[in-house]
Amino acid sequence: MEIHYTVERNAQIILRMLKEYNIRKVVASPGTTNVTMVASMQNDPYFEMYSCVDERSAAYLACGLAEESGEPVVLSCTGATASRNYMPGLTEAYYRKLPVIAITATQTVKRIGHLVPQVIDRSSVPNDICRGSWLMETIHNGDEEKDCIIKINRAMIALTADGGGPVHLNMETTYCPDFSQQELPQARVIRRFSIDDRFPPLPDGRIAIFVGSHRKWTDAETEAIDRFCGQYDSAVFCDHTSNYKGRFRILSALIGSQPRHYHISDVDLLIHIGEVSGDYPGSGLLRAREVWRVSPDGELKDTFGKLTAVFKMKESQFFQHYAKPGHDKVQTSYIDECRSIFDRLQSAVPEDIPFSNIWIAKTLSRMLPESSVLHLGILNTIRSWNFFEIPSSVLSYSNVGGFGIDGDMSTLIGASLAYPDKLYFGILGDLAFFYDMNVLGNRHIRNNVRLMLINNGRGVEFRNYNHFGAMFGEAADKYIAAAGHFGNKSASLVRHYAEDLGFEYLCAKDKVSFAEAAKTFTDPRLSAKPILFEVFTDTDSESSALKIINNLEHPKGNGLKGTMKKVLDSTFGEGTASKLKSMLK
């Protein structure tokens, strides 16, 4: 049999990455569990290999070789206690910041604790023997391959970054005897750059920026990103939690929610900044050839699965570097095209959309007072508001970090304490409200708080037409959507609770009563009391509104009128569209 490389994909990725990072020196110790790695290396003349029977000596040998040569050195050992003998040498490497890569081979970690010979637990390592430890699992699918690629890139970066030091890879093997792989498949390399490094050139083609949740922007930061966009004809795709208010802003959720493909989605480079985004449609809109992430944390966060570079620096430093002074011509063709599509979709949103989270967001987004602050509940609420623009002076936030329903109101109340003369609006659903309702009894709440509770008596997200839970119909209410709790849409429960705690209580059950109460709710003047506005909606209207908004431009539809009829008929039955539209008026 002709020997080449192992067919085990995790080992192939490690071997490819060693080559990509110009690492060739290897100290190998004998064993069976590391045969797939060692045999692949010894049949590739690229690797400079040395043999050492005693793993303790091997680790110290690697220290000396790394120090003297100035190059990283790989260690390879088998399972059982072999890896334990690396610890003294790796401790030496850690405190001397020597670039040593310990690759310990293991059977599947699922066998740990089951009295299987030569299987030991390496999941916990001492703090001072390596800068990081990663399990390189056996690969069965694309997601596992991406995970392996990210881990090995993190290890390669940690090996030399910030002074450098040893790293540990615990590589699973199936003992596959197949060494027929003649060429190592390509694997995505992710480079990390600091402010003192030589920056890579921007690729040719279309460049877009995606902003996740973001703290307040300074004028200088906004100016830097706007100058960059103007020079490179870029657009900034964002949602309300991005808080970017510059001239190249495009709210991407409405475009991303449509079933058709838009040319603006195809970009050659996507620059990713900010943190977690709750904008599922917007983040799914963009199709990038490669992604660069810019963040002071310098961490490899591969949200889009196309990460090739990470810039460990402030965003302003990144954009200022590439947007050189002296380029006065401002290019806007890309953002103009994006806005044309957004405006067309906005105009296609029907006025008689059902009374729902989406209708409320559409109506209220135009009424928010200037310079107020908006806090949105996760998922259904934030999705609904991301379809519509709000005043540029309004900052908006959501608990998308942990992305749970707990704490929405508490976060809002905490924010409102900072500036007593500024209005703070909070919009959330009933499960999130009752989950966090104890904060409403806090004695520090001031009259600058405006809360809206959208009460549909359940986690309506799980009843929406496009959710997995919708297949269960009304049966989903029992446990999946958790319907019927907290008074089951009681008309008096929240009213009494709010009024007894000193809130002014408002209520709406339809568009007419909402319009009247919304005037008080959005009054820019501070009221005598904090306000709690309870709005009652129903499941069918919520689902229908979402279906309409997601099908404003269907690729095979007959225009808005035809699309609307199909949506209404499919939701409520043939022939009921006219009746429903009449009722909603």
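**Close-up 1. The second largest cavity holds about 70 Å³ of space.** Of its 14 lining residues, those closest to the centre are His375, Leu376, Gly377, Asp408 and Met409. This is a predicted model, with residues numbered from 1 along each chain as its sequence is written, local features needing pLDDT of at least 70, and side-chain atom pairs counting only at pLDDT 80 or more. Totals for chains, interfaces and linings use all residues, while side-chain values use heavy atoms, with hydrogens and water left out. A cavity here is a set of points, on a 1 Å grid over the protein atoms alone, where a 1.4 Å probe fits but cannot get out, and lining residues have an atom within 4 Å of a point. Grid points are joined across faces, edges and corners, and a volume is the space filled by probe spheres set on the points.

Which elements each supply at least two residues of this lining? They are β14 (373-376), β15 (395-398), α13 (408-416) and β16 (424-429), and α13 gives the largest share, four residues. Helices (H or I, at least four residues) and strands (E, at least two) are DSSP runs, numbered from the N terminus. By class, the lining of the second largest cavity has seven nonpolar residues, six polar and one charged. Ala, Val, Leu, Ile, Met, Phe, Trp, Tyr, Cys and Pro count as nonpolar, Asp, Glu, Lys and Arg as charged, and the others, Gly among them, as polar.

**Close-up 2. The largest cavity has a volume of about 120 Å³.** Its lining is made up of 13 residues, and Ser83, Met87, Val125, Ile129 and His168 are the closest to its centre. Seven of the lining residues are nonpolar, four are polar and two are charged. In total, the structure holds six cavities of 30 Å³ or more.

**Close-up 3. The largest pocket has a volume of about 310 Å³.** Look for Ile378, Ile405, Leu431, Gly459 and Glu461, the closest to its centre among 19 lining residues. A pocket is an open set of grid points with protein on both sides within 12 Å along at least five of seven lines. Helices α12 (380-385) and α14 (430-435) each give two or more residues to the lining of the pocket, and α14 gives the most, with three. Eight nonpolar, seven polar and four charged residues make up this lining.

**Close-up 4. Asp162 forms a salt bridge with Arg192.** A salt bridge is a side-chain nitrogen of Lys or Arg within 4 Å of a carboxyl oxygen of Asp or Glu; here the closest N and O atoms are 3.4 Å apart. Asp162 sits in the loop between α5 (142-160) and β6 (167-172) and Arg192 in strand β7 (residues 191-194), so the pair ties together parts 30 residues apart in sequence. Asp162 is exposed, at 54% relative accessibility, whereas Arg192 is partly exposed at 24%. Buried means under 20% relative accessible area, exposed over 50%, and partly exposed in between (1.4 Å probe, protein chains only).

**Close-up 5. Arg293 forms a salt bridge with Glu275.** The closest N and O atoms of the pair are 3.6 Å apart. Arg293 belongs to strand β12 and Glu275 to the loop between β11 and α8 (280-285), so the bridge ties together parts 18 residues apart in sequence. Buried or exposed, which is Arg293? Arg293 is buried, with a relative accessible area of 1%, while Glu275 is partly exposed at 41%. Shared partners join Glu275, Arg293, Asp297, Glu299 and Lys301 into one network of salt bridges.
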